[in-house]
Structures are given as C-alpha cells and as structure tokens.
Amino acid sequence: MTTRNRLVVNLKALKNNLMVLNSRKEDENPEAKVFGVVKANAYGLGAVRVAREIEEEVDGFCVALPEEAKELVEAGIQKPILSLGYLPQEWMAYFAEKGIRPTLYDPDSAIAFNREAKKLGVCAPFHLAIDTGHSRIGILWDDEDRMEKIRAMAELDHLFLEGAFSHFASADEEDPAFTDRQFDRFLTVMEEMKEEGIAVPIRHIANDAALIRDPKYVLDGVRLGISLYGEFPSRAIRDLNPIDLEEVVAWKTVITNIKTIVPGTPVSYNHKWRAPVSSRIATLQVGYADGYARSLTNRADVLIRGYRCPQVGAVCMDQMMVDVSRLEDELRAKKQPPLSVGEEAYLMGHDPAEWPTDSPITPLELADTIYTISYEILTSVSGRVTREYLN
C-alpha cells in the first residue's frame with residue numbers, strides 16, 4: 001500500500017551520522033567492531049533498506065527477533081547478524097545453518113543449539129549475555145555459579161563463543177554512576193573468563209549513549225541505533241556532547257480540507273478544543289492509526305511552509321486538525337499564495353528543499369511532550385505510512 005502519508009528517510013544523512021559516530025571511537029579503539037542496530041524495522045525506517053545502505057561501513061547488524069534476522073538473510077545481507085533476544089528451540093537449526101549469532105545465557109539452551117549445529121556439521125558462533133544491572137536477560141554478573149555456567153557453554157564442541165555483551169540501563173542519564181558500575185561489573189566477568197582461559201574475541205557493552213558520553217566504554221565493539229537515525233538518546237546526552245548528527249527522518253502528510261470557523265466552534269471528538277476567535281482550520285490525512293499519538297492532542301505543532309501550526313482538537317484515527325490562522329495571516333502579509341488542499345505538512349523534520357522559518361520538529365520534542373522517548377515516537381509510525389528514501 002502506498003499513501004501520501006510518508007516517512008522520508010535521508011540515506012545520505014544516515015551514512016554521515018555513521019561516519020560521525022565512528023570517529024568517536026577512533027582514538028580509543030579504531031579496530032572496534034561497529035554493529036548497526038536495525039531491530040524494530042530499523043526503528044521504523046525500514047530494516048532491509050537501511051542495512052543495504054550501510055552494510056559496507058559496518059561489521060554486522062543487531063536485531064531482536066529471529067524473524068527480523070531471517071528478513072535480513074532473505075534480503076541478501078552478508079554481514080554477521082546478532083539476535084539480541086531469546087532463541088526459541090524451533091529457530092535453532094535455522095540460526096546454525098545461516099550463521100546467525102544468537103544470544104545465549106542458559107546452558108540448557110546452549111546444549112540444544114549445539115545439538116542442532118552438530119547435526120549440520122558446523123561450528124556455530126554465539127554471543128554470551130551478562131546481566132550487569134539491567135535485569136532483563138543474561139547470566140547475573142554476581143551469580144555464584146557464573147563461571148561454571150559460562151564454561152559449560154564455552155566448551156561445547158560445535159559452538160564458538162564469538163562475543164560477550166551486556167546492556168547499559170541508564171547510559172542516557174546525566175549521572176554516569178550506575179553506568180560506570182555496570183561497566184566495572186562487566187569487566188570483572190571478562191577478566192574472570194580470561195583467567196579461566198576462555199577467550200572472548202568481541203566484548204561489547206557500549207550503546208549510542210555510552211559512545212557519545214565517553215569512548216572508553218567501546219572495548220571491542222559498539223552497537224549503534226537511535227543516533228544513526230539522527231536522534232540523540234536523550235537531552236542529557238545531547239547537552240553533554242552535542243556531536244553533529246544530521247536529521248534523517250521527515251514525516252509528511254497532506255492537507256485535505258481548509259475551513260473558517262467562528263468563535264466557540266468545537267473541533268473534533270469530545271470538544272477538547274474550541275476556537276477562541278474566528279479561525280482557519282486545516283485537516284490533515286494522518287491520525288493515531290498511523291502512529292501519531294492521540295496523547296499529542298492540543299500539545300504539538302506541525303510545519304506547513306516552514307511555519308509552526310498548532311494541532312487542535314482530538315487526534316482522530318485517520319485525520320487531525322491544525323490551526324493555520326497565523327500562517328495564513330503571514331502569507332497574506334507577504335503576498336504569497338494561500339494554502340490549498342493537497343499541500344504538504346510536516347509532522348517531524350522539515351522540507352529538505354527549504355529551511356523552515358520556525359525550528360524543525362524532532363522526535364525528541366514530540367517524546368518530551370508526552371513524557372516518552374524518541375525511540376517510541378519513531379517505532380510507532382505504522383506500516384501504512386509509506387517509506388520514501390532520499391539519496
């Protein structure tokens with residue numbers, strides 16, 4: 001399905017961001033592996049297209065689900081793929097056959113995966129997850145039996161321990177205390193493994209926030225996600241080290257109706273907004289079914305001809321309204337053509353052909369407005385929004 005509601009992805013900006021992020025690790029460890037995180041359909045931008053675009057510049061990709069790994073394999077992606085989540089029994093043979101790196105943290109699962117690799121006559125690589133404080137998956141860093149479990153997995157005859165990783169819980173916060181605590185815990189386990197003679201070619205714990213904060217966290221690899229796509233993990237990280245990330249995403253739709261309403265006229269469901277004065281209202285072809293959160297009702301702006309126009313009235317499933325009164329006053333004053341049906345409106349980003357009069361609308365701005373994170377804003381853009389790619 002192709003619609004006029006479009007998420008425009010600037011591939012040149014994507015690659016420029018990768019180059020900028022890469023340069024952050026060069027002084028610390030220029031040989032460190034770079035993994036592009038393309039889980040959740042590359043944060044909504046299109047996993048296959050993004051992976052193809054940056055495959056030559058990265059050392060591998062990270063996904064969350066077996067199905068996401070399979071999508072990349074079937075699209076012809078050749079670089080190693082690491083699946084960061086749980087490996088179900090029914091996917092083990094496929095992973096072993098295709099060389100997809102699973103995350104393992106349980107000896108029983110490792111034994112089952114080893115069995116499938118043995119049937120195929122291959123030595124299957126995997127990555128070991130260590131839980132240093134995220135409390136999601138992984139062998140607990142202070143488990144009394146941690147080395148016994150790790151050794152049992154590392155010594156299986158048809159598996160190869162290619163890497164070990166952990167995940168920071170709060171690297172995007174201003175205070176690095178807990179991040180440093182996790183880092184020290186991870187290094188402790190890595191040192192224990194080294195003393196036991198268990199080699200770990202790729203140690204990785206750094207995500208975008210950690211890399212931007214301090215390249216010391218990189219070790220042998222770094223996993224790059226949200227910052228590839230032009231967004232800082234948080235305002236705290238942006239303010240700490242405002243590296244030059246380029247805008248990658250623009251979300252645009254079209255005006256489908258324009259009308260004048262008199263003072264006191266209610267707009268949209270449940271009359272959550274009434275016109276304080278005579279107002280010009282434009283209807284846009286976008287709603288919460290497209291991923292534009294209903295909680296943004298009366299709290300966000302859109303860009304039309306580079307000017308911010310406030311969203312008014314409850315966001316509907318497929319449509320929403322904006323107050324274009326100020327913009328039309330500006331257009332009349334400047335003797336410019338009035339707004340018309342079919343004209344574009346930007347929910348995020350801006351028209352690449354012109355720099356807006358008002359500031360562009362970022363996913364981080366929308367996230368702050370409804371007390372969430374930019375990751376959720378991007379990944380919520382639904383499948384009926386057409387992805388469009390610019391080189």
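Strand β6, residues 124-131, runs parallel to β8, and six bridges join the two. One of the residues involved is Pro125, whose bridge partner in β8 is Phe160. The model described here is predicted. Strand β8 also pairs with strand β9, residues 202-206. These two strands run parallel as well, and three bridges connect them. Here Gly163 has Ile202 of β9 as its bridge partner. Strand β8 covers residues 159-165, and six of its seven residues are buried, so the rest of the structure largely encloses this strand.

The chain as a whole gives the setting for these strands. The secondary structure comprises 13 helices and 19 strands. The protein chain has 391 residues, and 54% of them are buried. Along the principal axes, the C-alpha trace spans about 75 × 40 × 40 Å. Of the contacts between residues at least 6 apart in sequence, 65% join residues at least 24 apart.

The elements α2, β6 and α9 each give two or more residues to the lining. Strand β6 supplies the largest share, with three residues.

Aromatic pairs were examined next. The count comes to six. In one of them, the ring centres of Tyr43 and Tyr229 are 5.2 Å apart. The planes of these rings stand at 55 degrees, so the pair is tilted. Tyr43 lies in helix α2, residues 39-43, whereas Tyr229 lies in the loop between β10 (221-224) and α10 (235-240). The pair therefore ties together parts that are 186 residues apart in sequence. Both partners are buried: Tyr43 has 7% relative accessibility, and Tyr229 has a relative accessible area of 1%.

A further aromatic pair is formed by Phe183 and Tyr217. This pair is edge-to-face, with 5.1 Å from centre to centre and 80 degrees between the planes. It links distant parts of the chain, since Phe183 and Tyr217 are 34 residues apart. Phe183 belongs to helix α8, residues 177-195. Tyr217 belongs to the loop between α9 (208-213) and β10. Phe183 counts as buried at 8% relative accessibility, and Tyr217 counts as buried at 1%.

Tyr43 and Tyr229 also take part in an aromatic cluster, which they form with Tyr375. A ring meets a charge elsewhere in the chain. The charged end of Lys70 sits over the ring of Tyr94, at 6.0 Å from the ring centre.

Tyr105 is placed in the loop between β5 (101-104) and α6 (107-120). With 23% relative accessibility, Tyr105 counts as partly exposed, because the buried class requires a value under 20%. Beyond its neighbours within four places in sequence, Tyr105 is in contact with Tyr86, Leu128, Ala129, Ile137, Gly138, Ile139 and Met153. Of these contacts, Leu128 and Ala129 fall within the span of strand β6, residues 124-131. Leu347 is 242 residues from Tyr105 along the chain, and the C-alpha atoms of the two are separated by 42 Å.

Asn22 is part of helix α1, residues 11-25. Its relative accessibility is 18%, so Asn22 counts as buried.

Thr386 is found in strand β19, residues 386-390. This residue is buried, with a relative accessible area of 10%. Apart from neighbours within four places in sequence, the contacts of Thr386 are Met1, Thr2, Thr3, Asn5, Arg6 and Leu7. Ser278 and Thr386 are 108 residues apart along the chain, and 35 Å separates their C-alpha atoms.

Notes:
Residues are numbered from 1 along each chain as its sequence is written. This is a predicted model: local features need pLDDT of at least 70, side-chain atom pairs count only at pLDDT 80 or more; totals for chains, interfaces and linings use all residues. Side-chain values use heavy atoms; hydrogens and water are left out. Buried means under 20% relative accessible area, exposed over 50%, partly exposed in between (1.4 Å probe, protein chains only). Helices (H or I, at least four residues) and strands (E, at least two) are DSSP runs, numbered from the N terminus. Two strands pair if DSSP finds at least two bridges between them. Contact means heavy atoms within 4.5 Å. Rings of Phe, Tyr and Trp (its six-membered ring) pair if their centres lie within 6.5 Å; planes under 30 degrees apart count as stacked, over 60 as edge-to-face and the rest as tilted. A charge sits over a ring if NZ of Lys or CZ of Arg is within 6 Å of the ring centre and within 35 degrees of the ring normal.
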